[in-house]
Amino acid sequence: MPPSLEALKAELESVRTKAVQEIDAAKTPEAVEALRVRYLGKKGVLAGLMSHLRALPAEARPSFGQAVNALREALEDQIGARRAALEAAALEARLQAEAIDVTLPGEALAPGARHPLSQVIEAIEDIFIGMGYRIAEGPDVEWDTYNFERLNIPKDHPARDMQDSFYLTDEMLLRTHTSPVQVREMLAMAPRTPLKIICPGNVYRRDTDDATHSHMFTQIEGLVVGEGVRMSDLKGTLEQFARRLFGEETKIRLRPSYFPFTEPSAEVDVTCSACGGTGCRVCKWTGWLEVLGAGMVHPKVLEAGGYDPRRVSGFAFGLGVERIAMIKYGVDDIRQFYVNDARVLRSFVAC
Amino acid sequence: MRVSWQWLSEWIDLGDMTPEALAERLTAAGVAVEQIIRRGEGIAGVLVARVLDVRAHPNADRLKVVTVETAFGGPTHTVVTGAPDVEAGAFYPYAAPGARLAGGVRIERQAFRGVVSEGMLCSAEELGMEVHLLSAEARSGLYRLPDDAPLGADAVGYLGLDDVVLELDLTPNRADCLSIIGVAYEAAAILDRPLRRAPEAAVGAPTGTEKAPGAPAVGEAAKDGGGASAFAVTVEDDDLCPLYLGQIISGIVHRPAPQWMQNRLLASGIRPINAVVDVTNYVMLEYGQPLHAFDADRIGTERIVVRRAKEGETLTTLDGKERLLTADDLVITDGVRPIGLAGVMGGEHTEVTPETRRIFLESAYFAGPAIRRTAVRFDLRSEASRRFEKGVDPLRVLSALKRAAELIAALAGGRVEGGVVGRQSERAAALFAPRRVEITRSAINARLGTALTQDEVLDVFRRLGFPYSVAVAEATVDAESGGERLANSEERVIVTVPTRRGDIAIAEDLIEEVARLVGYEAIPSTAPKLPETVGGRPPLVGARRSVAEHLAALGLHEVHTYVLVSEDDDRRFPRFDARTASALSVRQPMNAARRSLRRSLMPGLLEVAAYNRRHRVDSGRFFEIGKVFHPVSDEAPYGTLPDEPLHVAAVFYGHRPPVVGGRMRGGASEAGAYDYYAAKGVVEALLARYGLKADFVPAADLPGLHPSRAARVVLAGETACAPSRDGAQANGEPPVVLGWVGELNPSVAEAYELTRPAAFELSLTRLIAHRPPSAVYSAPPRFPGVRRDISFWIDRSITHADVLQVIRSAAEQLTIPLTDVVLFDVYEGDKSPSGKKSMAYALTFRHPERTLLEEEADAATSHIVRTLEQRLSIALRA
Ligand SMILES: [Zn+2]
């Protein structure tokens, strides 16, 4: 005898109740899959119920078919949700198991440091390149004539005492300043203007190495030659430079001085970057730090460089890189730059 | 230069100023005051006292009890002293109870072994005097005062201990400020106030009327003053000695200079000696004119001949040293032999001694450069030579002589005898002639960027005491600006520069005078009005920076080391880019370690490594980019400037940085020591960065390196990106050696206390010269490649380069391209047959126009393997 619609619907309900319980209770994705096969598979429970459909009277078939399909959809949804939940939990568990100590050091690429002197040189170069200056270099071993004579320092001039030199021969020496590059560049350029150059390089003096002296150190020289160049231009240029190197609030001060190759000449002080000008140990309580020598190019030097001093004028300035680096980084012994202690260099990795 | 405030105040009224205020003004005007020294600071309550009697101390052998008075017949005080030489009747500084001495010592009534001392007698040191300038006698015991010292007077005032000294840090151009009078002129200009008196007025005329300084009539002067001199003066070299004057003074009594003069010498840092010598120093300090006193009785010829020394002549100078002279040296002679080194130091034979009764006092103008040459050569930089070198005021040659003669007469009991004798050359007239320098206000403003008025400009010259006149310039047509515009009809200022300012010769010098006296702060800040320029750096400078950044990113620290190294260190390392064998060195090194100009960066780098190793930095990687120096020719190494190629070099020592936490992650935990391959890896990275390919050619002949672990880095014919610009090798030119890489020879490493460091050195100059101009785009391959791995046993002596070469040549016979050969394993150990190693290569074949068939790749691989078997006897591994 064919099953009644009522009886089938009752069975359908009991299947629903059982399946819902079992799916909820499934602990693994595999168990969920087994339930899916059992209830929804081709030979599953729902397929079995559907097989009764043909036995039902025609008018009852749609209602029963809909009921089975509704249950199928409900179970599919529940199985899908249960599976997703179990997979999420499994993933979570696996990720937990993969926990590491994120505070352990990373694989060491251990970047090296640029030397502080290089960093200062390049910072200064960049400032002046931005102002339209070209970098020019010259030889470390120079002729006396470029190092002295063409810079208005004839032989037996008292100003030679300002720089005790390492001579190789009577006429050849290790340059005592980067100023000979000025001469070489002027000779190459004259009479064209404007000439705007920055000349970094090693210089050498017969000084005994101590905390403030080094027989070799680094200088950067600047030279501008053109029509109508004024001392106020020098002041304005150095003001710009000082602000960019030491900070916007930096001020400069010019004091009369003497260099044979400039006239007028000046020592240039900047407000102490350590105390901002109020006075501290770094600036010996003056609020000022002497960092540059400068002046208007001496007419004899222009002439020796191939220019007509009646037509053009110029300014020049020079600074000691070590001095700037000592101020900038608070180094109190110039020899430190040439010792290259790795423990010190490491602190310059960050630049 | 040390300037006594009291002395300076005799020349200019400073009553309203503090030393600090003047110092600031002087410094701001370019005469830098380095230090303000207060003589005898804090000393008070010390009186001039006389010792009445000296008794033994009842309870102490080494002490004495003395009675002193501070007023004739006044109250007496008992003082205990330890000084053995205390003398009854002598005058001493006496610190009464309540007095303060040097170092803040306070003197009180105090008992010494049962005798109460009412204060103490003082030594020079206790008074804070410049003891290093005093004679041993004056320094050791009590400081004995002259017998004419004013009894009871405040010793602080009497000894000038209330004086203040301004120590000037003078630039070499300001020779004028090497004298009290010069500083007074400078202060007068800065403060805009007159001198108390003109220097000329200070010259009393001991031998009658004397023309104002500058009047060239020496002969006339001699006539005017007491007749002919006993001495005759001849000058044989007018260039080196344009003006030479002398004065005989007889009847000299040997005695010390008066206390006031000694005080000023001490304040000025000059050692008091005796009245005659002290006067010459005193007048030198005041006038800036060095003077010298010869013992006239020791110049038997009664002649002075000034001439160049003869080669080989000798002179024993005041310091007792015999000097071998050359024709460069100017000497004072007695007509036969030298008696003084002109302007530098007198001779011992004619030195003023206690026996001297008659002197020849010299005042001259010697040419600076010659004096400087002599002084430098003998390392005799005296107060006198310093002044001559920088130039003295010719106008003060005579006035200083007069002043000194007058003082010697007054203070050393002398008698000025006869007139001034001497010789003035034609050249001297040029020295005396005032220099006229022309300037206009607009030239000043144009150079300084200021807007000074004519009055402001003229005021500066007035303050300086520079006479000037003003003239209207003739209207001239300025052709440069088209011939239309009339050049300014501006007033020209014609400035007469006094001879005391020898540093001022051209208009720019006057511009500086104006600038410094109106103050540099009056100069505004402007931007140059120049055509636009594009800044930049030349290729080598740019490369230097990017190479440095690259190496730092690879973990190497950048260092800077000295160019001067020891000869031994310099010789030790390869000089791959030197065309010559010689080294350059400096003539007078500071020490042997800084003598030769480096030809390799290695000595400096190894010094750095050794330093760090000594300081327990167990491993390190350092690089330097710097110049080395190669003479251009061995025949004349110093004939031309040397080559200065830029090198980049690195040294590696100790262990590679471990992979941190590697052990915990089951990875490699033991980091190997740096070796050849560590250094080579960096070289390869660097070359790749610059698009260069190189061969690493085994080199057993590189000095300082391990003979079987070193290679020359030779530019390969073809670069990674594009052909090199000069295509050197293509033209059959010799290979370009870029440098070397290797481990150090253990014996050299040992010298630096390093264990097997590895290193490389390359010529950055060469690297950049052969660098391809730019990268060349290569499109991604359109068809997949086919990879075949081969591994085989091979004789261990065969190199990777050998294998590569065979593979490449075999590939040339193939119909399909071999695009890549990668060595991925080398094994040599227990499992390898004797004398063999295993190598494994990945070969990639790729056709540009189609997909390869597996069979094609197999056939190609077989061909390569066969070739390897035939040529290198490899045995394929299973
Ligand atoms: Zn400060």
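Residues are numbered from 1 along each chain as its sequence is written, chains are lettered from A and ligands numbered from 1 in the order in which they are written, and side-chain values use heavy atoms, with hydrogens and water left out. In this predicted model, local features need pLDDT of at least 70 and side-chain atom pairs count only at pLDDT 80 or more, while totals for chains, interfaces and linings use all residues.

Chain A is assigned domain 1 (5–97) and domain 2 (116–346). Such bounds come from an automatic or database domain assignment. Taken over C-alpha atoms, the centres of domain 1 and domain 2 of chain A are 89 Å apart.

Helix 5 (residues 116–130) and helix 10 (residues 321–329) of chain A pack together at about 105 degrees, and their axes lie 9 Å apart. Helices (H or I, at least four residues) and strands (E, at least two) are DSSP runs, numbered from the N terminus. Axes are lines fitted to C-alpha atoms, for helices over the stretch in contact, and angles run from 0 to 180 degrees between N-to-C directions. Helix 5 of chain A is therefore roughly perpendicular to helix 10 of chain A. Angles of 65 to 115 degrees count as roughly perpendicular, under 35 as roughly parallel, over 145 as roughly antiparallel and the rest as oblique. Helix 5 of chain A contributes A:Pro116, A:Leu117, A:Gln119, A:Val120 and A:Ile121 to the contact (heavy atoms within 4.5 Å). From helix 10 of chain A come A:Val321, A:Glu322, A:Ile324, A:Ala325, A:Lys328 and A:Tyr329. By class, this contact holds eight nonpolar, one polar and two charged residues. Ala, Val, Leu, Ile, Met, Phe, Trp, Tyr, Cys and Pro count as nonpolar, Asp, Glu, Lys and Arg as charged, and the others, Gly among them, as polar.

The buried residues of helix 10 of chain A are A:Val321, A:Glu322, A:Ile324, A:Ala325, A:Met326 and A:Ile327. Buried means under 20% relative accessible area, exposed over 50%, and partly exposed in between (1.4 Å probe, protein chains only). Their cover includes helix 5, strand 5 (216–226), helix 8 (231–246) and strand 8 (288–297) of chain A. Just after helix 10 of chain A, A:Gly330 adopts a positive phi of about 70 degrees.

A:Thr176 sits in the loop between strand 3 (172–174) and helix 7 (179–189) of chain A. A:Thr176 is buried, at 0% relative accessible area. Its side chain makes a polar contact of 2.9 Å with that of A:Asn147. A polar contact is a pair of N or O atoms within 3.5 Å; within protein, one must be able to donate a hydrogen and the other to accept it, and residues adjacent in sequence count only if both atoms are side-chain atoms.

In chain B, B:Leu556 occupies the loop between helix 16 (539–553) and strand 26 (557–558). B:Leu556 is buried, with a relative accessible area of 0%. Beyond four places in sequence, the residues that B:Leu556 touches include A:Gly112, A:Ala113, B:Phe622 and B:Val682. B:Leu556 and B:Val682 are 126 residues apart in sequence, yet 9.5 Å apart C-alpha to C-alpha.

B:Asn59 lies in the loop between strand 3 (44–56) and strand 4 (64–69) of chain B. At 46% relative accessibility, B:Asn59 is partly exposed. The side chain of B:Asn59 reaches the backbone oxygen of B:Arg113 at 2.7 Å.
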